[in-house]
Amino acid sequence: MSEKITNIIDQVKELTVLELSDLVKALEEEFDVSAQAPVMVAGGGAAAGGAAEEEQTEFDVILANAGNSKIKVIKVVREITGLGLKDAKGLVDGAPAPVKEGVEKEAAEEMKAKLEEVGATVELK
């Protein structure tokens, strides 16, 4: 890998979740591309028949709505992500927004429970 690419990767590692989200949006707009994986449509009856679907192992915890207790939700988001107050508030204000991405099922359900306990609406994808 070139030194230029290594430097960019190091800079990306230092970004907050909110900054990384903004970067992805800016790159999508600049290069007219999408960061979402293409969706494959399952074919005919054979696929729908008895094919066992692989169980999802990694989940994204998405804050859909902060609800009425925004301050409590910000506190929980800070606890989960390690973000500072300003970044956590920005994430909550920007809902729907990903709180954590690529986490194991058990951890994702735990985060969802914590957020829902303080009145937030959360989705696991």
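Throughout these legends a residue is called buried under 20% relative accessible area, exposed over 50%, and partly exposed in between, as judged with a 1.4 Å probe and with protein chains only. This is a predicted model, in which local features need pLDDT of at least 70 and side-chain atom pairs count only at pLDDT 80 or more, while totals for chains, interfaces and linings use all residues. Residues are numbered from 1 along each chain as its sequence is written, and side-chain values use heavy atoms, with hydrogens and water left out.

View 1. Helices (H or I, at least four residues) and strands (E, at least two) are taken as DSSP runs and numbered from the N terminus. Followed along the sequence, these elements give the pattern α-α-α-β-α-α-β-α-β. Of the 125 residues in the protein, 20% are buried. The accessible surface comes to about 9,300 Å², and carbon and sulfur atoms account for 52% of that surface; such areas come from the Shrake-Rupley method with a 1.4 Å probe, and for residues only the protein chains shown count as cover. Where contact means heavy atoms within 4.5 Å, 68% of the contacts between residues at least 6 apart in sequence join residues at least 24 apart.

**View 2. The open sheet of three strands, in the order 2-1-3 with antiparallel pairing.** Strand 2 (97-104) and strand 3 (121-124) stand at the edges, and because each has a single partner strand, one side of each is left without a neighbour in the sheet. From one strand to the next, the twist averages 25°. Two strands are said to pair if DSSP finds at least two bridges between them. Strand 1 (residues 58-65) is joined antiparallel to strand 3 over four bridges, and within this pairing Asn65 stands opposite Thr121 in strand 3. Strand 1 and strand 2 also run antiparallel, joined by five bridges, with Ile62 opposite Pro98 in strand 2.

**View 3. Helix 6 (residues 105-117) lying across the sheet strands.** Helix 6 lies across strand 1, strand 2 and strand 3, and runs at about 145° to strand 2. For this angle, axes are lines fitted to C-alpha atoms, for helices over the stretch in contact, and angles run from 0 to 180 degrees between N-to-C directions.

**View 4. A nonpolar patch on the surface, with about 700 Å² of accessible area together.** The patch is formed by Ile8, Val12, Leu15, Leu20, Leu23, Val24, Leu27, Phe31 and Val33. Helix 1 (3-13) and helix 2 (17-31) are the elements that give two or more residues to the patch, and helix 2 supplies the largest share, five residues. Patches are made of residues with over 30% relative accessible area and no salt bridge, with like charges joined within 9 Å and nonpolar side chains (Val, Leu, Ile, Met, Phe, Trp, Tyr) within 5 Å. Val24, whose place is in helix 2, is partly exposed, with a relative accessible area of 32%.

**View 5. Thr16, in the loop between helix 1 and helix 2.** With a relative accessible area of 16%, Thr16 is buried. When its neighbours within four places in sequence are left aside, Thr16 is in contact with Leu83 and Asp87.

**View 6. The network of salt bridges that links Lys70, Lys89 and Asp93.** Side chains of opposite charge can pair when their charged atoms come close. A salt bridge is here a side-chain nitrogen of Lys or Arg within 4 Å of a carboxyl oxygen of Asp or Glu. Asp93 forms one with Lys70, the closest N and O atoms being 2.9 Å apart; this pair links distant parts of the chain, with Asp93 in helix 5 (residues 85-93) and Lys70 in helix 4 (residues 70-81), 23 residues apart. Asp93 also forms a salt bridge with Lys89, where the closest N and O atoms are 2.7 Å apart, and these two residues both lie in helix 5, four residues apart, about one turn of the helix.

**View 7. The salt bridge between the side chains of Lys125 and Glu123.** The N to O distance in this pair is 3.6 Å. Lys125 is exposed, with a relative accessible area of 52%, whereas Glu123 is partly exposed at 34%. A search of the whole structure finds five salt bridges, among them this pair.
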